[in-house]
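Let's walk through this structure together, moving between its pockets, its core and a few individual residues. Have your viewer ready and follow along.

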Amino acid sequence: MEGTVFAPAIEGIKHVKSEEGVMLTRPFLDVCKHILPIIEKFGAAMALVKSDIGGNITRLENKYLSNPTKYTNLYSMVQEEVEAKTAKGSSSCTNGLLWLTRAMDFLVALFRNLLEHQDWAMSQACSDSYSKTLKKWHGWIASSSFTVAMKLSPDRKKFMDVICGTGDINSDIEKFCTTFSPLLEENHKFLASVGMDELKAS
C-alpha cells in the first residue's frame with residue numbers, strides 16, 4: 001500500500017468542494033467511504049459506528065443516484081426535505097447527513113487524541129472523543145452500547161502499526177483532521193441554519 005490508510009481520504013478531501021465553494025455530494029460521500037477501512041481496523045469496538053456510517057452513506061448515495069444532476073450539491077436533498085417538512089423523519093437524508101457528520105466528528109476527535117496523547121490507551125482515546133462528540137446526542141441505550149463496545153478497543157501500538165502503511169502516519173492523521181474538520185463544521189452550520197443540527201437519537 002502506498003502511503004498510510006489515510007492517503008485516499010486526504011486526496012479525496014481536495015475535491016469535496018466545487019470551484020464555487022459548494023459542498024459536492026459524491027466527493028463528500030467518497031471521503032467518508034475511504035474512512036470505513038480504517039474503522040474496520042478497530043475490530044469489534046467500532047462495529048456499531050461502522051454500520052451506522054455505512055448505512056447513512058448508502059441512504060445519501062441512493063438519493064444522489066436517483067437524480068445525480070439534481071443532487072450534485074450535498075445540501076440540496078436536505079433543502080428539499082425541509083421544504084417538504086420530512087427532514088425530521090428518522091429515515092430522512094437530513095437525518096443521515098447529521099449522523100454521518102457526527103460520526104465523522106467522533107473519528108476526527110479520536111484521531112486527534114491518538115496524535116496529541118501518545119501515552120493514552122486506545123480505550124481512553126475512544127471514551128474521551130465519544131464524550132466530546134456523540135454522547136450528548138445519544139439516548140441511554142445507545143450510550144450504554146457504545147461504552148461497552150469501547151472496552152473492546154484494540155491495543156494502541158498494534159492498531160498504529162496496522163494503519164501505518166509506508167507513509168508518515170502522524171503527519172497524515174494531522175493532515176486528515178485539519179482538512180476534514182472545516183468541512184464537517186460547514187455541514188453543522190448548514191444544518192443549524194435549517195434548524196436540524198440539534199436532533200437527538202430516540
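Thirteen residues line the second largest pocket, and Asp105, Lys132, Thr133, Glu185 and His188 are the ones nearest its centre. Two elements, α5 and α9 (169-193), each give two or more residues to this lining; helices here are DSSP runs of H or I with at least four residues, strands are E runs of at least two, and both are numbered from the N terminus. By class, the lining of the second largest pocket holds three nonpolar, three polar and seven charged residues. In this scheme Ala, Val, Leu, Ile, Met, Phe, Trp, Tyr, Cys and Pro count as nonpolar, Asp, Glu, Lys and Arg as charged, and the others, Gly among them, as polar. The space in the second largest pocket comes to about 230 Å³.

Before going on, a word on the model: it is predicted, local features need pLDDT of at least 70, side-chain atom pairs count only at pLDDT 80 or more, and totals for chains, interfaces and linings use all residues. Residues are numbered from 1 along each chain as its sequence is written, and side-chain values use heavy atoms, with hydrogens and water left out.

A pocket, on a 1 Å grid over the protein atoms alone, is an open set of points where a 1.4 Å probe fits, with protein on both sides within 12 Å along at least five of seven lines; lining residues have an atom within 4 Å of a point. Grid points are joined across faces, edges and corners, and the volume is the space filled by probe spheres set on the points.

Now turn to the largest pocket, with a volume of about 510 Å³. Its lining has 24 residues, and Asp52, Trp99, His138, Ala142 and Ala201 lie nearest the centre. Helices α3 (47-66), α5 and α7 (140-150) each supply at least two lining residues, and α3 gives the largest share, six residues. The lining of the largest pocket divides into 11 nonpolar, nine polar and four charged residues.

Which residues touch the most other members of the largest nonpolar core? They are Phe6, Phe28, Ile53, Phe106, Phe111, Phe176 and Phe180, in a core of 65 residues. Helix α5 (residues 93-116) gives the most to this core, with 14 residues. Such a core is a set of buried Ala, Val, Leu, Ile, Met, Phe, Trp, Tyr and Cys residues joined through side-chain atoms within 4.5 Å. Buried means under 20% relative accessible area, exposed over 50%, and partly exposed in between (1.4 Å probe, protein chains only).

Helix α5 is largely enclosed by the rest of the structure, because 22 of its 24 residues are buried. Leaving out residues up to four places away in sequence, Phe106 touches Met46, Val49, Cys126, Ser129, Tyr130, Thr133, Leu134, Phe146 and Met150, where contact means heavy atoms within 4.5 Å.

Two more residues are worth a visit. Lys85 sits in the loop between α4 (76-84) and α5, and with 75% relative accessibility Lys85 counts as exposed. Just after α4, Lys85 takes a positive phi of about 60°. Met122, in helix α6 (residues 122-132), is buried, with a relative accessible area of 2%. Met122 and Ser153 are 31 residues apart in sequence, while their C-alpha atoms are 6.1 Å apart in space.
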